[in-house]
Amino acid sequence: MDDELAEQRADVLRRALDEYDLEEDDLEVLEGDFADDGTFLMPALPVLAVVGRPNVGKSALVNRILGRREAVVEDVPGVTRDRVSYRAEWGGRHFTLVDTGGWEPDARGIDRSVAEQAEIAIELADAVLFVVDSNVGATSSDEHVVRMLRKSDRPVLLVANKVDDLVQEPNAAALWALGLGEPHAVSALHGRGVADMLDEAMRILPEISKVAKQEVGGPRRVAIVGRPNVGKSSLLNKAAGEERVVVNDLAGTTRDPVDELVELGGRVWRLVDTAGIRKRVHLQQGADFYASLRTAAAIDKAEVAVVVFDVTEPLGVQDVRIVDMVLQSGRALVLAFNKWDELDDERRWQLEREIEQDLGHVAWAPRVNISAKTGRHLEKLVPALTVALESWDTRIPTGKLNAFLTELTQELPHPLRGGKQPRVLFATQAQTRPPTFVLFTTGFLDPGYRRFIQRRLREVFGFVGTPIQINMRVRERRKRK
């Protein structure tokens with residue numbers, strides 16, 4: 001059926017719907033409009049990095065500046081491991097606030113990687129907040145940080161944290177000895193002195209960043225999710241072409257979502273590395289609990305999620321739960337099977353059986369077999385992301401949709417229910433992202449029949465890599481007076 005005839009028939013079906021009792025929000029759905037999302041460039045925001053030894057209260061200060069509990073905070077040294085960027089605002093000025101892991105000289109292992117991230121954060125900042133625990137005073141580690149800051153030639157604001165009252169003010173004064181000028185006494189916990197400190201920070205921050213790239217306002221947001229230690233951070237680092245996040249054999253290295261603008265396949269993407277989801281949220285404790293909440297929030301803010309699996313280990317309940325979390329959020333989905341180069345023939349056969357059994361409900365999702373460590377087949381990620389997002393954005397014209405459903409219900413009508421046969425009166429796509437369809441019917445459609453409609457929608461219109469939602473509105477014919 002050509003488009004013009006399909007639209008004419010849909011118009012007839014729509015007018016026939018006026019004979020039924022419609023509610024006010026039905027009319028909103030039927031007359032809905034679609035807006036296009038554009039990509040635009042914004043001036044690069046100035047960058048303010050927060051550095052210091054472990055457990056001096058950097059993340060607590062970040063949360064206080066943001067006005068919300070964003071950074072993971074726990075009364076244990078070393079909770080923050082990567083450099084994590086947040087968009088902040090003070091006095092009408094917007095800037096990028098960067099939280100870092102604790103810096104220690106002569107650190108080893110994962111602590112060394114954390115320290116390196118802090119050093120990179122200083123190089124990529126326009127100004128630095130150097131946080132010191134005023135109750136402990138200046139330590140040899142603090143003096144090492146001071147030497148590093150002097151080499152960087154960045155403007156530095158010395159922040160004496162944990163000055164909760166007037167009694168502790170003299171502790172802050174002792175930090176003049178570090179040679180960084182006046183210590184700004186604050187209490188990240190209570191907010192004391194933070195406003196004055198931010199006023200001074202705005203004075204030393206440039207209007208437009210001298211170090212940050214021009215910010216792209218509309219790159220597609222990609223959340224990288226999965227169980228701990230499946231290779232999410234390695235994937236981001238390989239895509240970025242630098243050691244952007246801490247990678248370590250220790251499971252659960254990433255605590256905060258870390259995002260990075262990355263160019264892949266000639267396009268700019270915003271990749272978000274997330275904390276590995278270990279188990280059910282209500283069974284988690286401390287930093288892992290908050291990390292999981294932030295991972296869920298990162299999925300909600302993303303447009304497409306790449307779920308990473310470790311093919312050297314059997315697919316588990318947790319893998320399926322993470323996929324289902326993405327489905328519930330309505331985001332586009334790509335499945336990435338990592339460490340593919342370590343697979344032998346026997347394990348490959350087992351894996352295919354596991355995918356068929358555990359991931360059969362997302363057989364429509366694009367699948368890529370990669371090695372995040374070596375970068376093997378990483379280029380296949382871009383076509384998979386592109387097709388998933390195109391499907392996520394797809395809108396079917398109302399005429400085509402109703403012609404499709406008319407043909408479908410004639411070919412295979414809904415089974416009788418209580419002697420009556422539910423009919424589809426009219427259908428419209430209420431929204432994209434994900435594609436959501438509203439069916440006006442004369443009776444309730446069985447879940448099995450709705451799944452049948454979903455399957456045929458995919459066969460005819462594609463929808464590769466996106467969930468499809470079908471909502472029903474059962475309406476009765478208006479009684480004649």
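Reader: Which residues in helix 3 meet residues in helix 7?
Author: From helix 3 come Leu-61, Arg-64 and Ile-65; from helix 7 come Val-194, Met-197 and Leu-198. Contact here means heavy atoms within 4.5 Å. Helices (H or I, at least four residues) and strands (E, at least two) are DSSP runs, numbered from the N terminus. The model is predicted: local features need pLDDT of at least 70, side-chain atom pairs count only at pLDDT 80 or more, and totals for chains, interfaces and linings use all residues. Residues are numbered from 1 along each chain as its sequence is written, and side-chain values use heavy atoms, with hydrogens and water left out.

Reader: What makes helix 3 roughly perpendicular to helix 7?
Author: The angle. Helix 3 (residues 58–66) and helix 7 (residues 194–204) pack at about 85 degrees, with axes 11 Å apart. Axes are lines fitted to C-alpha atoms, for helices over the stretch in contact, and angles run from 0 to 180 degrees between N-to-C directions. Under 35 degrees counts as roughly parallel, over 145 as roughly antiparallel, 65 to 115 as roughly perpendicular, and the rest as oblique. Therefore helix 3 is roughly perpendicular to helix 7.

Reader: How many residues of each class does that contact of helix 3 with helix 7 have?
Author: It has 5 nonpolar, no polar and 1 charged residues. Ala, Val, Leu, Ile, Met, Phe, Trp, Tyr, Cys and Pro count as nonpolar; Asp, Glu, Lys and Arg as charged; the others, Gly among them, as polar.

Reader: Why are helix 1 and helix 13 called roughly perpendicular?
Author: Their axes cross at roughly 80 degrees and come within 7 Å. That angle makes the two helices roughly perpendicular to each other. Helix 1 brings Asp-3, Ala-6, Glu-7, Ala-10 and Leu-13; helix 13 brings Thr-398, Gly-399, Lys-400, Asn-402, Ala-403 and Thr-406. By class, this contact of helix 1 with helix 13 has 4 nonpolar, 4 polar and 3 charged residues.

Reader: What is the reach of helix 1, and what is expected?
Author: Helix 1 (residues 3–16) has 14 residues and reaches 20 Å from first C-alpha to last, close to the 20 Å expected at 1.5 Å a residue. The expected span is 1.5 Å times one less than the number of residues.

Reader: Which residues of helix 1 are buried?
Author: Ala-6, Ala-10 and Arg-14 are. Buried means under 20% relative accessible area, exposed over 50%, partly exposed in between (1.4 Å probe, protein chains only). Down the axis of helix 1, the buried residues fall within an arc of 75 degrees, so they line one face. The arc is that of the directions from the helix axis to the C-beta atoms. Their cover includes helix 2 (24–30), helix 13 (398–411) and strand 15 (424–431).

Reader: Why do the buried residues of helix 5 line one face?
Author: Seen down the axis, they fall within an arc of 165 degrees, so they line one face of helix 5. They are Ser-141, Asp-142, Val-145, Val-146, Met-148, Leu-149 and Ser-152. On the other side, Ser-140 and Lys-151 are exposed.
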